[in-house]
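Me: Let's go through this structure in short questions and answers. Please show it first.

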Amino acid sequence: MKKLFAFLALAGLASVAAAADVVGNAKAAENKVAMCIGCHGIPGYKASFPEVYQVPMLGGQNAKYIQSALNAYKKGDRKNPSMRGIAAGLSDQDIADVAAYYAQQK
């Protein structure tokens, strides 16, 4: 039984370490940002769901910030139904790629 717990603990650590090693590829994100551009690619755009708010431009934003924000939407820590739905469908690699894509823009 102790061996099983030790194995499960090591497997958990390995998955955390693997997630930390995800490196974003801006080129790979070119096919992943179509749903982002509809709101975040329009200067001065205001969304009206769930309430009216200014949609931020993502180009030039720090990659770590974008990753953190997308992960927070995915977990439900940030509250926006549209972003939650989009982020929920992204893998860790997708999030890293999208973050790299927008970080490299000016």
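Reply: His 40 is found in helix 2, which covers residues 34-40. Keep in mind that this is a predicted model.

Me: Is His 40 buried or exposed?

Reply: The relative accessible area of His 40 is 12%. The cut-off for buried is under 20%. His 40 is therefore buried.

Me: Which residue has its backbone oxygen 2.7 Å from a polar atom of the His 40 side chain?

Reply: Leave aside neighbours within four places in sequence. His 40 is then in contact with Val 55, Pro 56, Met 57, Leu 58 and Met 83. The backbone oxygen at 2.7 Å belongs to Pro 56.

Me: Which helix gives the most to the lining of the largest pocket?

Reply: The largest pocket holds about 610 Å³ of space. Its lining has 32 residues, and His 40, Val 55, Pro 56, Tyr 73 and Met 83 lie nearest the centre. Helix 2, strand 2, helix 3, helix 4 and helix 5 each supply at least two lining residues. With five residues, the most comes from helix 3.

Me: How many residues in the lining of the largest pocket are nonpolar?

Reply: The lining also has six polar and four charged residues. The nonpolar count is 22.

Me: What is the geometry of the Tyr 101 and Tyr 102 rings?

Reply: A search of the whole structure finds one aromatic pair. The ring centres of Tyr 101 and Tyr 102 are 5.1 Å apart. Tyr 101 is buried at 15% relative accessibility, and Tyr 102 is buried at 4%. The ring planes stand at 90°, so the pair is edge-to-face.

Methods: Residues numbered from 1 in each chain as written. Predicted model: local features only at pLDDT ≥ 70, side-chain atom pairs only at ≥ 80, totals over all residues. Heavy atoms only, no water. Helix = DSSP H or I, 4+ residues; strand = E, 2+ residues; numbered from the N terminus. Buried < 20%, exposed > 50% of the residue type's maximum accessible area, 1.4 Å probe, protein only. Polar contact = N/O pair within 3.5 Å; in protein donor to acceptor, adjacent residues only side chain to side chain. Contact = heavy atoms within 4.5 Å. 1 Å grid on protein atoms, 1.4 Å probe; cavity = no way out; pocket = protein on both sides within 12 Å on 5 of 7 lines; lining within 4 Å. Points joined across faces, edges and corners; volume = space filled by probe spheres on them. Nonpolar A, V, L, I, M, F, W, Y, C, P; charged D, E, K, R; others polar. Phe/Tyr/Trp six-rings, centres within 6.5 Å; stacked < 30°, edge-to-face > 60°.
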